[in-house]
Amino acid sequence: MDILAEAADMPASELTAAGMPDAAAASIAHLSQIYFGPTSFTRRQRRAVEGARRNGHSLPTLEVIEKHARRAPTQARAWALRAELAQVSADTQAMDKLARKKVRALRPPREPKPGVRLRRRQTVDADDYGQLQPRRGAA
């Protein structure tokens, strides 16, 4: 978390010029903008940073949290999810499972629309050798 705080006002190009690999620099710049940049949800941002520091979350764990927070339907729910997940002490794989479960709860399954759906597919039969052949009489 300290590296994100130090990189809060640095663009990715500056991090790359300092010798960091491109992908790592982009990831750190993105995460530092989220956790230390300007936002309308400063209280939740503060809670997320405090929780991540207290639990010693690594950069891959923060990337997992962010990957799932992006899927939240609104910014408010994304920040609530970040703050909640940062409070949990878990490794990266456990965090991924927990975050997936939380995002599913945020987005309930869609209700099916009334009506009927028809799909047309070519009908095929298998011959004696397992080769698929078009059915006779089907067009």
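Predicted model: local features only at pLDDT ≥ 70, side-chain atom pairs only at ≥ 80, totals over all residues.
Residues are numbered from 1 along each chain as its sequence is written, and side-chain values use heavy atoms, with hydrogens and water left out.

The secondary structure comprises 7 helices and 2 strands, in the sequence order α-α-α-α-α-α-α-β-β. Helices (H or I, at least four residues) and strands (E, at least two) are DSSP runs, numbered from the N terminus. Of the 139 residues of the protein, 27% are buried. Among contacts (heavy atoms within 4.5 Å) between residues at least 6 apart in sequence, 61% join residues at least 24 apart.

Histidine 57 is placed in the loop between α4 and α5 (59-69). Apart from neighbours within four places in sequence, histidine 57 contacts Gly51, Ala52, Leu62, Leu85, Ala86, Val88, Ala90 and Met95. Leu62 is also one of the buried residues of α5, together with Thr61, Val64, Ile65, Glu66, His68 and Ala69. The cover over the buried residues of α5 includes α1 (2-6), α3, α4, α6 (75-86) and α7 (92-106).

Glutamine 87 belongs to the loop between α6 and α7 and, at 27% relative accessibility, counts as partly exposed. Glutamine 87 and glycine 51 are 36 residues apart in sequence, yet their C-alpha atoms are 4.5 Å apart in space. Leaving aside neighbours within four places in sequence, the contacts of glutamine 87 are Arg47, Gly51, Arg54 and Asn55.

Two packed helices are described by the angle between their axes and the distance between the axes. The axes of α3 (residues 22-36) and α4 (residues 42-55) come within 8 Å and cross at roughly 120°. Axes are lines fitted to C-alpha atoms, for helices over the stretch in contact, and angles run from 0 to 180 degrees between N-to-C directions. The two helices α3 and α4 are therefore oblique to each other; angles under 35 degrees count as roughly parallel, over 145 as roughly antiparallel, 65 to 115 as roughly perpendicular and the rest as oblique. Ile34, Tyr35 and Phe36 of α3 meet Gln45, Ala48, Val49 and Arg53 of α4 in this contact.

The lining of the largest pocket consists of Arg110, Glu111, Pro112, Lys113, Pro114, Gly115, Val116 and Arg117. On a 1 Å grid over the protein atoms alone, a pocket is an open set of points where a 1.4 Å probe fits, with protein on both sides within 12 Å along at least five of seven lines; lining residues have an atom within 4 Å of a point.

Notes:
Buried < 20%, exposed > 50% of the residue type's maximum accessible area, 1.4 Å probe, protein only.
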